[in-house]
Amino acid sequence: MSLFGPGWNVLSRASLAVVAAGGLGALGTVWGYWRTPYGMRQGDPISQPVMFDHRHHVVDDAIDCRYCHATADRGASAGIPSTETCLNCHAQVWNKSPKLEPVRQSYFTGRPIPWVRVHKVPDFVYFNHAIHVNKGIGCVTCHGRVDRMAAIEQVAPLTMSWCLDCHRNPAPHLRPPEQITSMTWVPGGDPAALSRELMKRYDIHGRTNCSTCHR
Amino acid sequence: MKTLPIYGQPPRAAGERPLWTSLDDLEAAARGPGGEFRHGAAEAPVALGRRSFMKLVGASAALAGLQACHPPREKIHPYVKHPPEGLPGQASHYATALSIDGYATGLVLTAVDGRPVKVEGNPAHPSSLGGVGVFEQAALLDLYDPGRAEGFRRRGGGLAFRTLLQEIAALSAAHAQDGGAALAFLLAPDASPLLADLRRRLQGRFPRARFRVWSPIAEDQAWEGARIAFGRALDATARLDRADVILALDADFLYGAGDALRLAREFARRREPGEAMNRLYVAEPALTVTGALADHRFRMRGSEVAGFARQVAGALGAVPAEAAMPPGREARAVAADLQRRRGRSLVLCGPRQPAAVHALCHAMNAALGNAGETLRYTAPVLGDARPDPRALADLAREIDAGSVRTLVVTAWNPVHAAPAGLDLGARLAKVENAIYLTLREDETSRRASWVLAASHPFESWGDGRARDGSVTLQQPLIAPLKESTTAVDLLAAFLGEGEKGAHEHLRALWKSRSGPDFELALARWLEQGLVPGSAEPAVSAPVKTEAVVAAARALPAAGPGMEIAFAPDYSVLDGRFAENAWLQELPDPVTKITWDNAASISPATARRLGLRNGQRVALSLPGRSLEAPVWIQPGHADEAVTLTLGYGRTAGGPVGKGVGVDAYRLRAADAPWFERGLSLAAAKGEHRFAVPQGSFSMEGRPIALDFTQEAWKRESHELDELRGAQPSLLQAVDYSKQENAWGMAIDLSKCVGCNACMVACQEENNVPVVGKVQVQKGRIMHWIRVDRYFQGPPEDPTVISQPLACVHCEVAPCEYVCPVNATVHSDEGLNEMVYNRCVGTRYCSNNCPYKVRRFNFLAWRGEVAPTEKMLVNPDVTVRARGVMEKCTYCVQRIERARIDARARGAKMGPVQTACQQACPAEAIVFGNLNDPRSRVSQAHRDPRRYDLLHTLGTRPRTAYLVRIRNPNPELG
Amino acid sequence: MSARTRWVLARFGEAEPLLAAARTLRQAGHPSLDIHSPFPLPGTDEALGLSRSRVPLMALCGGLAGVGTAIAMQIWMNAVDYPLNVGTRFLSGKPNMVPVMFELGVLLSSFAIFFGMMGLWGFPRPHHPVFEVEAFRSASVDALWLSAEVKAEDAERVAQALRGSGALEVEIAPEVEA
Amino acid sequence: MSPPAAPAAAARQALEPPPLLPAGITDRQINDSLLDHVWNPKRGWLTLFAIALGGTGLLVMGLGVTLARGIGMWGNNVPVGWAYDIINFVWWIGIGHAGTLISAILLLFQQKWRTSINRFAEAMTIFAVIQAALFPLFHTGRPWFAVYWLFPYPSNLGIWPNFTSPLIWDVFAVSTYFTVSLLFWYLGLIPDLAALRDASTSRVQRIAYGIFALGWRGSARHWHHYRIGYLLLAGLSTPLVLSVHSIVSFDFAVSQLPGWHTTIFPPYFVAGAVFSGFAMVMTLMVPARKYLGFEHVVTERHLETMNKVMLVTGMMVSYGYLMEHFIAWYSGNPYEKFVILNRATGPYRWVYYAMIFCNVLVPQTFWWKRARTSIPWMFAAALLVNVGMWTERFIIIVTSLHRDFLPSSWGMYFPTWVDWSIFLGTLSFFSLLFLLFLRFVPAVAVTEVKELRHELAHEAHAGGGHR
């Protein structure tokens with residue numbers, strides 16, 4: 001009499017299928033993970049040592065981005081405001097608010113406020129704010145609607161392919177110089193024509209050389 | 001608050017709060033324990049340095065703790081108060097100076113976030129002209145050396161700075177009683193007017209104190225020679241731009257501190273073929289950088305140079321027959337050549353030659369009417385700070401006589417560098433208060449009862465004078481990283497003015513010497529890095545022939561027997577750079593040896609004694625002997641041994657300790673440079689040198705090409721087969737549409753082989769040091785190397801050196817073999833190396849015919865001290881283990897220039913690579929080949945242009961210009 | 001088919017009678033016959049009237065698929081999606097595409113053959129009624145077997161017929177509950 | 001055909017080679033004798049296994065150290081960027097060629113003698129390729145990236161592998177070669193596994209082999225597809241074998257380095273591969289047939305035939321050397337000329353002369369029947385050829401690299417203990433796998449031998465004397 005009952009046929013085929021599926025599935029998961037917003041740390045509001053609310057400052061007070069991020073249009077880094085900058089206003093307003101205690105502390109002790117970094121490109125990537133801002137890329141394009149964020153979160157995936165998409169075809173992302181910091185601007189009239197015109201005005205050549213970002 | 005004036009940004013007239021308040025704070029702050037800062041206000045440039053260092057640490061920590069799916073979020077530490085100048089990560093430049101053995105070289109330092117990260121020459125400065133040497137550049141590594149001396153201690157006990165000042169004040173008060181009878185100073189040579197002023201005032205307070213200046217590589221015999229010839233000590237400054245024919249008697253004037261950078265520039269400018277080309281004769285014992293460039297090189301032992309000088313002098317009729325010698329064929333030819341160019345010729349004499357030879361040279365130059373033309377005589381710029389060869393002996397005598405109770409030593413490491421036999425160490429230990437100011441713990445600090453850590457020049461206020469007397473104010477780029485003080489403060493402390501601080505003293509002195517608006521003037525001086533019109537005025541002095549004759553006749557005749565010659569080392573000078581890993585790993589420009597010195601001998605001598613390369617030999621002189629490995633050096637004089645100073649350190653840090661052999665143990669006080677009666681016996685054992693260059697012969701391949709003027713006229717067409725397009729299956733990419741097509745040209749005629757480019761590149765591109773063992777394994781990391789080839793007979797070879805970095809082939813063999821596209825071409829023709837994509841198959845290196853690619857075989861930066869992290873150039877990725885790297889044409893500078901320009905909506909300006917910027921000889925030209933007017937495209941069109949390994953059809957973007965020699969037909 | 005079937009097995013010493021028996025059974029209208037041997041036996045295809053194998057066709061398809069993929073992949077990746085200048089060698093329709101084309105072709109073709117056969121055989125199939133006969137174990141060692149799946153009621157008759165046609169041993173496989 | 005005249009027959013009898021199988025052997029006997037080593041493990045197997053296991057530890061350690069500290073633990077440097085890593089890679093992949101070649105090409109040419117050795121050789125192929133496959137990965141500076149960046153998958157970097165690089169071709173060639181060899185091997189194995197299943201006495205073995213036999217019933221329908229499928233795989237494998245080593249040779253031929261940049265490389269590498277492959281088969285088969293008692297299926301004649309093949313391929317390789325030297329001289333290319341001179345007179349000349357001795361001189365002895373049939377000598381010769389082929393790769397890789405165009409960048413290579421332990425480690429790992437094979441799998445294609453017996457019987461019956 002034989003070793004394997006009729007059930008074995010199904011069993012053996014099923015188990016083979018499972019093994020194959022499992023292997024592929026594992027690979028797929030790893031591959032897919034880095035394409036999820038979670039994998040890229042998007043949509044994850046970060047709580048900061050000071051409960052700073054962009055909504056309030058941007059919308060209610062209508063403070064321009066560059067008031068605090070002062071070097072965005074001049075330097076490689078947009079610049080995190082110094083304690084001094086906060087106190088420019090908060091020496092007068094809310095100068096007793098317990099929420100601002102850490103700020104005052106930092107000012108008087110001379111110890112910086114340890115903000116938590118939200119947007120991070122790898123160390124071997126040389127991103128420069130100045131060139132992007134001066135060539136018509138708006139803050140909102142990469143950082144999203146900070147005017148709607150209680151706590152700042154990463155919006156764009158910040159992957160190389162994401163950078164490349166824009167570097168290969170910058171036109172649709174361009175905006176006039178005066179609209180760089182606007183959160184709400186949308187191209188009026190014929191967007192295509194506008195972006196063509198801006199491409200010319202800014203004299204833009206999307207560069208995809210490795211050394212454009214890696215040095 | 002206002003800050004240091006940025007180089008190239010002339011300060012506006014006064015009006016704002018004076019510059020100084022903040023800097024006073026800075027000074028004061030530096031005084032606190034460990035240069036710690038009490039309040040944010042003082043954190044002008046310094047705090048940034050400390051910050052970014054904090055950030056670095058934070059980052060590495062973050063990387064270390066890689067948990068879960070995500071690394072922990074980094075922290076950002078913004079300023080509490082915004083620094084007035086510069087943007088975060090933006091480089092700013094400051095002019096300052098660095099004095100090596102007395103003479104200052106004007107420098108421009110690049111600082112990022114308050115960290116000095118790059119040293120460059122100051123184009124406005126007479127002794128730099130924009131070029132910079134290996135020592136000035138490598139000094140930056142010393143600044144960040146974690147092994148630097150720290151704090152102050154007396155007999156082992158630590159002292160706070162203020163206590164120290166009080167103690168010294170008390171000490172000096174005690175000495176003031178008897179006018180300083182028991183007080184002695186042993187100072188380093190320094191032309192600083194501030195130090196001179198302090199010395200003057202000290203002399204006033206302590207009339208009986210003895211001031212001695214000493215250096216192991218002093219040029220005292222030059223002044224003595226001048227004294228013979230002119231009756232007083234004078235400095236002689238050469239003007240090579242005016243000299244058509246140059247005779248260098250054991251003078252290696254193209255390398256080292258002092259005037260070498262200017263001389264190299266002036267010399268190189270006259271090396272292009274044609275009527276204006278100069279001719280160089282060199283008579284010397286060992287092959288030197290200068291000798292390698294000679295059109296005619298006469299090989300002779302050091303003691304025979306005098307004889308040759310007398311021959312030439314005789315042939316020139318510069319001195320009467322009794323002082324001269326019957327000229328040989330060579331001397332006659334040289335003399336005739338010099339004679340033909342009266343007033344446009346030059347006879348130079350090296351510091352190692354006896355005074356009488358210097359005197360002879362003065363006589364010859366006078367006879368040739370060169371004085372005032374190609375030679376400029378000035379009062380000694382060092383003034384009374386001229387080193388005295390007898391200093392140590394006298395000091396020793398005094399100590400023995402017990403007449404020294406307090407000895408202040410600012411001279412570099414006298415215990416180590418003292419002549420053999422003179423046991424200064426033991427004597428120093430006998431001095432009650434031996435106060436030693438030093439950058440590092442060393443042989444001397446072991447014996448001194450007081451050890452004071454010295455601030456690095458880049459950390460401290462001061463001033464200095466160039467070889468021609470021009471004054472540069474030395475300003476700090478960063479507060480002292482270690483608790484330390486300066487020579488100024490130390491001397492001032494003896495005047496009871498220690499608290500004032502070097503900065504106040506400097507201001508006080510220069511206020512007294514400046515016009516009305518001192519603040520603005522000072523700001524301008526600091527901005528330009530030069531006090532205009534402060535050069536020493538030229539003097540004219542008649543030669544006292546009879547004195548010269550007498551001296552010349554007194555010269556000992558060259559006798560038989562082996563001779564030893566000592567020389568400052570090309571890498572560690574007299575040993576003060578022995579702790580500098582960059583310089584230790586820098587191949588000697590002549591021998592290409594790294595991490596070592598050797599007893600160089602000629603092939604003939606080696607044959608006679610049956611010695612092999614690397615064999616250990618016992619060098620013995622009466623009463624002294626030393627074991628050293630032999631290096632057989634083509635072009636070395638026969639029957640002579642050359643040993644360089646500064647190695648074989650017994651104390652100090654991990655870098656220099658126990659590397660090489662200590663030549664000072666053989667060096668006699670009365671014969672500091674040459675000595676007869678050397679006996680040389682083979683000893684047991686073989687020494688393995690670490691020599692990165694594989695072979696010194698070109699194997700008959702067209703690699704580094706040279707022609708004589710004559711040959712060039714006839715055979716220039718021979719180059720046609722070494723340039724131009726070649727048939728290829730691939731259709732060439734058209735770069736002409738691009739805004740830029742980057743290219744480089746290296747002029748072998750100009751290159752003096754001084755290695756400045758190598759250090760510049762190392763500093764700019766974060767090139768790691770790998771250590772002796774790894775160099776032996778063939779893993780040296782320099783992106784640009786200087787190949788040195790010998791041609792002709794090994795006894796008297798012609799020498800040619802060829803700087804070689806990645807040549808950025810348009811048809812790059814490295815690129816198509818990379819499996820992951822980690823090295824590809826940019827639209828502007830750069831051969832890009834993408835570290836973060838590289839998986840390290842090393843295929844590119846195998847397929848690179850120039851072998852200019854470097855691989856991170858191990859984690860070269862395994863454990864770096866926090867301070868060393870501050871040295872990193874933030875614009876260049878620090879490469880990981882297992883990654884290939886190579887010259888990028890300084891792409892970070894290109895992109896920086898592009899972004900800065902385009903962000904302003906401007907066209908992109910010219911870009912300089914680090915090697916080009918450093919090169920004192922202007923041998924390296926870089927730029928845009930699409931611009932027909934750029935210097936580089938002119939060079940590419942030059943008839944002397946050829947492509948290295950052209951037959952491979954790689955179409956390199958770096959072109960070479962053949963070297964032209966200008967031999968004298970009469971000697972041909 | 002709804003009707004229950006039984007498996008009749010017959011062991012033969014020589015090939016000829018076996019094949020003959022097979023032919024006669026087929027003519028007798030028993031389509032589902034099979035011959036079992038430890039090594040490929042000549043003449044079985046004809047005796048059982050098997051049509052040409054489809055394996056070569058599968059191989060061809062697999063191969064073509066592989067080559068196609070290779071061409072598309074290389075051109076798209078190196079010439080379309082991210083064209084890079086690697087030492088002036090731009091990849092598109094150049095001979096340096098051939099190696100990958102070939103390798104991928106061979107790979108997919110081999111997969112087609114192997115897994116194709118697995119499919120045709122319905123492998124893995126550890127259970128089969130013929131295994132119920134202990135003696136059948138010799139089929140993979142040195143014996144030649146004829147197996148016939150017939151309606152249950154015909155089983156005995158077929159067995160008889162086989163005994164008559166020179167079979168050394170005839171058995172009817174016992175039934176098992178699925 | 002009509003019976004020939006007596007003298008002619010006698011003459012033919014004289015010329016008749018010794019038989020491939022002993023006369024009168026039955027399938028049952030074949031079955032039992034060839035499967036015996038699976039039922040009753042041979043003495044000393046465990047000892048050998050333990051030794052191999054220990055040696056494999058070396059490999060693990062070597063690779064571990066390399067991963068932890070970096071390639072710097074090896075002797076590699078600039079200019080010698082590749083050394084033991086790639087030498088071993090090429091050597092192993094070369095060895096891996098005999099298997100598929102024997103089973104595939106000889107099958108296509110209907111060489112009956114292959115049946116006794118092909119299973120053996122195929123196993124060797126697979127195990128050798130496993131060794132080889134280690135190096136393309138571990139020779140990289142950052143294997144943790146190489147392991148997936150070398151494959152064309154859509155990453156969010158948006159960048160792809162470079163298909164002009166021979167290394168990428170390598171990746172495809174080696175992985176394809178391994179997969180196809182494995183399928184080929186397993187397909188051939190199925191009927192034998194069935195035989196094992198049915199002939200085995202213990203239930204465990206029956207279940208185990210039963211599972212791997214996948215339910216093979218030796219059915220005519222199985223054989224129907226099997227015959228053509230097996231033939232097709234063989235047909236595919238043949239060009240595959242040639243392509244794989246051609247592509248490996250491209251790693252060198254496509255480069256610009258004198259001593260590498262040569263058009264003769266592909267054929268010359270393939271010949272070398274077959275040469276070394278056969279040498280390795282001999283090295284393993286000679287002791288194995290004694291150990292397993294296979295003298296009756298792996299006969300003198302098999303060994304002699306293989307020695308003939310070694311002689312032929314040896315001559316091809318020698319021709320390759322000759323050509324290299326000739327072209328170096330004839331091309332007038334000074335760099336090429338220098339490389340050849342440097343091989344013969346440079347610091348590594350002793351390796352060069354070892355290579356000439358082992359690969360050119362040693363095989364020449366096989367002109368003599370006594371050498372071809374002497375068991376000890378053929379074993380020694382095979383060993384020497386293995387050594388020789390390794391030194392050949394050393395010569396090609398190291399001596400070409402260490403002195404190339406610019407004398408200033410010349411250097412020397414010296415292996416470190418890590419280099420050695422990795423090399424010896426692969427040897428052990430190879431033996432380990434091989435011992436497992438000898439223990440659990442029929443080392444000779446039983447089914448094919450039975451088939452062969454029938455064919456021979458049939459021919460004999462048909463009266464045809466021609467084998």
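# A cysteine, then a walk through chains A to D

Start by selecting A:C166: its sulfur lies 7.0 Å from the closest cysteine sulfur, in A:C142, which is too far for a bond. A disulfide here is a pair of cysteine sulfur atoms within 2.5 Å, and the structure holds 0 of them over all chains.

Before moving on, some bookkeeping. Residues are numbered from 1 along each chain as its sequence is written, while chains are lettered from A and ligands numbered from 1 in the order in which they are written. You are looking at a predicted model, where local features need pLDDT of at least 70, side-chain atom pairs count only at pLDDT 80 or more, and totals for chains, interfaces and linings use all residues; side-chain values use heavy atoms, with hydrogens and water left out.

**Stop 1: another cysteine, chain B**

Is B:C361 buried or exposed? B:C361 counts as buried, at 3% relative accessibility. For the labels, buried means under 20% relative accessible area, exposed over 50%, and partly exposed in between, with a 1.4 Å probe and protein chains only.

**Stop 2**

Helices and strands are DSSP runs numbered from the N terminus: H or I with at least four residues for helices, E with at least two for strands. Two strands pair if DSSP finds at least two bridges between them.

Now colour the open sheet of 7 strands in chain B, which reads β25-β20-β24-β21-β23-β22-β26 with mixed pairing. Its edges are β25 (674-676) and β26 (679-686); each has a single partner strand, so one side of each is left without a neighbour in the sheet. On average, neighbouring strands are turned by 35° against each other, direction ignored; the axes are lines fitted to C-alpha atoms, for helices over the stretch in contact, and angles run from 0 to 180 degrees between N-to-C directions.

Zoom in on β22 (residues 615-621) of chain B, which runs antiparallel to β26(B) and is joined to it by 5 bridges. Pick B:S620 and you will find B:S679 of β26(B) opposite.

**Stop 2: a 3-strand sheet, chain B**

Head for β2-β3-β4 of chain B, an open sheet with antiparallel pairing. The edge strands are β2 (91-100) and β4 (115-121), each with a single partner, so each has one side without a neighbour in the sheet. Strand β3 (residues 103-112) of chain B connects to β4(B) through 6 bridges, and B:L107 stands opposite B:G121 in β4(B).

**Stop 3: a hairpin, chain B**

Select β18 (residues 462-465) of chain B. Strand β19 (residues 471-474) of chain B runs antiparallel to β18(B), with 4 bridges between them, and B:V471 is the bridge partner of B:R465. The hairpin has 5 residues between the strands, and there B:G469 takes a positive phi near 95°.

**Stop 4: β37 and its partners, chain B**

Strand β37 covers 958-961 of chain B. From β37(B), B:T958 and B:Y960 point one way and B:A959 and B:L961 the other, all of them buried. β28 (residues 742-747) of chain B pairs with β37(B) in the parallel sense over 4 bridges, with B:M744 partnering B:T958. β36(B) runs antiparallel to β37(B) and is joined to it by 2 bridges; here B:R945 stands opposite B:L961.

In the loop between β36 (945-946) and β37, click B:R955. B:R955 has a positive phi of about 50° although it is not a glycine, and it is partly exposed, with a relative accessible area of 33%.

**Stop 5: two cis prolines**

In chain C, the peptide bond from C:F123 to C:P124 is cis, with omega near -10°; C:P124 is in the loop between α4 (98-121) and β3 (144-151). In chain D, the bond from D:V78 to D:P79 is cis too, with omega near 15°, and D:P79 belongs to the loop between α3 (45-69) and α4 (84-108).

**Last stop: helix α15, chain D**

Finish on α15 (residues 375-402) of chain D. Its 28 residues should span 40 Å at 1.5 Å a residue, and its end C-alpha atoms are 40 Å apart, which agrees; the expected span is 1.5 Å times one less than the number of residues. Of these 28 residues, 20 are buried, so α15(D) is largely enclosed by the rest of the structure. At D:I395 the helix bends by about 25°, the bend being the angle between axes fitted to the seven residues ending there and the seven starting there.
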